[in-house]
Amino acid sequence: MDTRTLPAMSSMSKPAMSADGSPIPLRWVEDLFERLAAILGASLANVYASANPERVKAEWAEALAGFSSDEVKRGLAAVRTRRFAPNLPEFLHLCRPALDPEVAWMEADEGMRTHTAGTPYGWSHPAVYWAAREVQHELRTSTFAACRKRWERLLADQWAQGTWASPPDPTQRALPAPAPAQQPLDTGAREAGIAALRALRQRMTGYSTQREQDEAMQRAEAGALVDPLATGEASA
């Protein structure tokens with residue numbers, strides 16, 4: 001598997017080397033083993049000294065089906081700093097660090113904070129983003145230790161999908177809905193409403209409008225201030 005000849009992949013969505021999920025060609029695995037042997041020497045042979053070589057290749061071909069060429073390149077780069085040859089599970093983790101639930105949790109925490117702020121984030125794999133969406137509250141309020149079991153289950157479910165949509169672009173915010181157009185005023189309905197309010201006020205105060213009530217109050221006050229002598233009502 002000469003990863004140098006495969007097309008470059010986006011950091012946000014990495015198509016698998018085997019698009020239909022079938023095992024990758026054995027010749028790719030053989031090429032990978034040759035490159036690992038060039039890096040690790042005899043220690044690679046020691047890992048599988050007691051195993052059937054054809055069976056080993058078949059297992060690697062099946063396990064790498066969902067991985068992209070970029071991820072395999074990452075695994076090879078990580079091997080160069082190791083003292084010992086990785087077995088299959090170890091190599092898969094080197095290719096895709098987010099397979100480690102704790103590593104994925106740290107990525108989810110940083111990624112969702114960045115995403116929420118409206119800034120693009122370089123997710124190592126779309127599966128981590130989609131799992132992180134399910135624990136946004138826990139990422140803000142809890143810890144990995146407290147959420148480990150649920151997080152591992154969510155992450156495993158996402159890895160099992162096999163295909164993943166790319167995370168949405170956080171810079172593309174939804175525009176607010178336009179304000180509803182104002183309806184023309186229904187004059188008849190307005191007059192009917194005013195009449196109903198007047199009737200209600202008449203029943204409650206005896207006056208249909210505030211103006212009528214104020215005028216009646218002014219007349220009463222004026223009558224109370226009339227000089228009794230001017231009306232002949234003063235006592236002798």
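Colleague: Why is C147 called buried?

Modeller: In this predicted model, C147 has a relative accessibility of 10%. The term buried applies under 20%, so C147 counts as buried.

Colleague: What makes C95 buried?

Modeller: The relative accessible area of C95 is 0%. That value is under 20%, and therefore C95 is buried.

Colleague: How many disulfides are there, and by what rule?

Modeller: A disulfide is a covalent bond between the sulfur atoms of two cysteines. The rule asks for a pair of cysteine sulfur atoms within 2.5 Å, and by this rule the count comes to 0.

Colleague: Why is the pair of W105 and W151 called edge-to-face?

Modeller: The search of the whole structure finds 10 aromatic pairs. In the pair of W105 and W151, the rings are 5.6 Å apart, centre to centre, with 85° between the planes.

Colleague: What makes W159 and W164 an edge-to-face pair?

Modeller: Their ring centres are 6.3 Å apart, which is within 6.5 Å, and the angle between their planes is 80°, which is over 60 degrees. W159, at 15% relative accessibility, counts as buried, and W164 does so at 19%, because the cut-off is under 20%.

Colleague: Which residues do ring pairs link into a cluster?

Modeller: The cluster consists of F33, Y48, W60 and F91.

Colleague: How do you know that R96 lies over the face of F67?

Modeller: R96 is 3.9 Å from the ring centre of F67. The distance limit is 6 Å, and the charge must also lie within 35 degrees of the ring normal. R96 is accordingly listed as lying over that face.

Colleague: Why are the buried residues of α4 said to line one face of the helix?

Modeller: The buried residues of helix α4 (residues 69-79) are S69, E71, V72, G75, L76 and V79. Viewed down the axis of α4, they fall within an arc of 160°, so they line one face. An α-helix has 3.6 residues a turn, so residues three or four places apart point the same way. Among the elements that cover the buried residues of α4 are α1 (26-40) and α5 (88-95).

Colleague: How does the reach of α10 compare with what is expected?

Modeller: Helix α10 (residues 187-205) has 19 residues and spans 27 Å from its first C-alpha to its last. At 1.5 Å a residue, 27 Å is expected, and the span is close to that value. After α10 comes G206, whose phi is positive, near 90°.

Colleague: Where does P167 lie, and is P167 buried or exposed?

Modeller: P167 is in the loop between α9 (144-159) and α10. Its relative accessibility is 8%, under the 20% limit, so P167 counts as buried. The C-alpha atoms of P167 and H125 are separated by 9.2 Å, although these residues are 42 apart along the chain.

Colleague: What is the secondary structure of the whole protein?

Modeller: The protein has 11 helices and 0 strands. Buried residues make up 29% of its 236 residues.

Technical notes:
Residues are numbered from 1 along each chain as its sequence is written. This is a predicted model: local features need pLDDT of at least 70, side-chain atom pairs count only at pLDDT 80 or more; totals for chains, interfaces and linings use all residues. Side-chain values use heavy atoms; hydrogens and water are left out. Buried means under 20% relative accessible area, exposed over 50%, partly exposed in between (1.4 Å probe, protein chains only). Helices (H or I, at least four residues) and strands (E, at least two) are DSSP runs, numbered from the N terminus. The expected span of a helix is 1.5 Å times one less than its number of residues. The arc is that of the directions from the helix axis to the C-beta atoms. Contact means heavy atoms within 4.5 Å. Rings of Phe, Tyr and Trp (its six-membered ring) pair if their centres lie within 6.5 Å; planes under 30 degrees apart count as stacked, over 60 as edge-to-face and the rest as tilted.
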